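Please open the structure in your viewer and keep the sequence beside it.

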Amino acid sequence: LLSEIGEAIVDFAPNFDNSQQEPTVLPAQLPFLLLNGATGIAVGMATNIPPHNPEEVLTATIRLLDALVDDRDLSNRELCRTIKGPDFPTGGQIVSTGEELKQIYETGQGSVKLRSTWELGTTDRAGKRVIINSVPYAVNKSTLVERIADVALSRKMPLLLDVRDLSTEDVCIELLLKAEADENKVLAYLFKHTPLQSNFNVNLTALVPTENPGVGRPERLDLKSMLWHFLQFRFDVVTRRLRHELSALERRIHILEGFVKVFDALDTILKIIRASDGKADAAQKIMTRFELDAEQTDAILELRLYRLAKLEILVIQEELDDKRKRAKAIAKLLGDKSGKGRWALVRGELEEMSAIFGKGDRRRTLIQDVGQEEEFTEEDLIVAEDNHVLVTSDGWIKRQKEIKDLATTRLREGDSVLSCVAGSTRATVVFFSNFGTAYTARIIDIPATTGYGEPIQKLFKLKDGECIVAAYSFDPRVIGSMAEHEGYFPENYGLAASTDGFALCFGLLQFAEPSTRSGRRYAKPRGEARILGVEVVDGTESVVAVSSKRRALFCPAEEVNYLSGPGRGVTLMKLAADDELLGFKALRSDSDEVVLKTSLGGTQRLRAAKYEVSGRGGKGREVLKRGTFTEWIREAPTPPASLEQKEEG
């Protein structure tokens, strides 16, 4: 980078405070822009050049130089036969196709898919081991290990049991899998969900020379253009170096010619010096006597006495001959307008650099087109096992392998269990909010813990005042059929009611797939009204709705209209202006009941068998003589029966 530095070789400009001169560019002898790569962000543009293998880059540069000298065209694709792709110092494996890499070098932009390399370790009773021996470029190893550990601890990939960093000077990350695990599936999951595989977005933007040597023009280049600009730069450096050398030779020849001219008259020179009044007087007399210029005269006056020996004239004459020959050779090189001689110098220097830095520098990053890899869907990468999902009234959720007693599960102080559902890790679970939004997640994505769990806001973006009022598992063994049919209700569907006395039925199938953080609308309550809850029904149930002003209405569930999209619904119960719906429930048998707390401190139980079932839309009947209803007492949830028992049933 610096061996040829000098004002005669590259241009210099003032530094930031104009106190010194600094080079506008360094006289690099290697194409470091490709060898080391570069990353930068400017105003309205950026660059991201990956590092490359020295031997490949220098060989390609020499190939392009030969083509330029022979006036042959060498395309980017032909250069790609030499430069296979980026070569990252951290190793790894490029899994982009050859065509994708060629497109990057032709257009100057694209994405290189880079992943870690691995090998299969030992297998014993503890499990199967996979050794990660390289990480993608620019990926922090500690962060990578933490991300993999998160996957193992959260049991999102149950086949992965543990991860350990055994690295010393070399990368060695040990993954412990279950003995029966398919390591390809586990790695496919980790490639997708951790930095074990990353994309390097290539952007070959660089500053190219302009008429103003201190100003470069940003331009996105292809591979050939980058190497071409480097070769033109080296040609210019070599030319300026030769001119600088020729100028120095001419100055030295001029002085040596003065030495030769006066060597036979040394006695006369000495007499002139001894008779002069000083250096200036002696210089003037010598210049007049021997027709020398000031530079030659000054060199003679500074000549050391030992140089006056007879043998020294032979050394001076020999040096003069050598300098004249070298000057003649340089003049010939500079005078050749074709520049072939200078191009030969550039080529020789590149070969020398290749011998020093390129030969034997094996490629660290493997390039292997994996072709059509086996596609694994989200479900394929999830190990199917039955789990329980618990959601609390305050909106905390967690997943556990088994919950036998809800009374002993860990909850935050003052919190209570809202719902507990079971399902396969490949199934989804839906959370219905009081704002009419349904949030769906895979059961495998629910945080696995035996502690308090995590706030649901970590998975979804709930609004201020929004809370979860119901949760259901979409495991087919639990929910049954949700298929929608034209002209009649699905076998199982949702029924919701709001505080303003309106109710609606809606299909569940549309909420079966995981949602975004914003969820999907299933109802549109108006004004200040809020959804009280959601029941999964099949239409054979009776619905009881109770208002705070001690009125209750019993009606068939099938009378509530089925909506194809989110809406307000139809009137379930007419309410007075100062009244609101306190709660509702789908009663499946005569023994089903609801319990309400009254303003007088007591409780009231309502059963369908005790009251006549009427039509939807009425005012209901007064079921309490004094006071009002203050609270709908929800039944304490019980852990669902194991899914194996349900299948047998």
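**A helix and its surroundings**

Begin with helix 4, residues 98–107, in which Leu-101, Ile-104 and Tyr-105 are the buried residues. Please keep in mind that the model is predicted. Look down the axis of helix 4: its buried residues fall within an arc of 90 degrees, so they line one face of the helix. In general, an α-helix has 3.6 residues a turn, so residues three or four places apart point the same way.

Next, display what the buried residues of helix 4 pack against: helix 3 (76–79), helix 7, strand 5 (93–94), strand 6 (109–115), strand 11 (197–203) and strand 14 (366–367).

**The nonpolar cores**

Select Leu-223, Leu-227, Phe-290 and Leu-350, which have the most contacts inside the largest nonpolar core, a set of 59 residues. Helix 7 supplies the largest share of this core, 15 residues. Apart from this core lies another, of 23 residues, including Val-135, Val-139, Leu-160 and Leu-177.

**The second largest pocket**

Which residues lie nearest the centre of the second largest pocket? Select Val-25, Leu-207, Val-208, Pro-209 and Phe-233 to find them, among the 43 residues that line this pocket. The space in the second largest pocket is about 1,300 Å³. Helix 7 (223–263) is one of the elements that give two or more residues to the lining, and its 9 residues are the largest share. Coloured by class, the lining shows 30 nonpolar, 10 polar and 3 charged residues.

Note on methods. Residues are numbered from 1 along each chain as its sequence is written. This is a predicted model: local features need pLDDT of at least 70, side-chain atom pairs count only at pLDDT 80 or more; totals for chains, interfaces and linings use all residues. Side-chain values use heavy atoms; hydrogens and water are left out. On a 1 Å grid over the protein atoms alone, a cavity is a set of points where a 1.4 Å probe fits but cannot get out, and a pocket is an open set with protein on both sides within 12 Å along at least five of seven lines; lining residues have an atom within 4 Å of a point. Grid points are joined across faces, edges and corners, and a volume is the space filled by probe spheres set on the points. Helices (H or I, at least four residues) and strands (E, at least two) are DSSP runs, numbered from the N terminus. Ala, Val, Leu, Ile, Met, Phe, Trp, Tyr, Cys and Pro count as nonpolar, Asp, Glu, Lys and Arg as charged, and the others, Gly among them, as polar. A nonpolar core is a set of buried Ala, Val, Leu, Ile, Met, Phe, Trp, Tyr and Cys residues joined through side-chain atoms within 4.5 Å. Buried means under 20% relative accessible area, exposed over 50%, partly exposed in between (1.4 Å probe, protein chains only). The arc is that of the directions from the helix axis to the C-beta atoms. Contact means heavy atoms within 4.5 Å.
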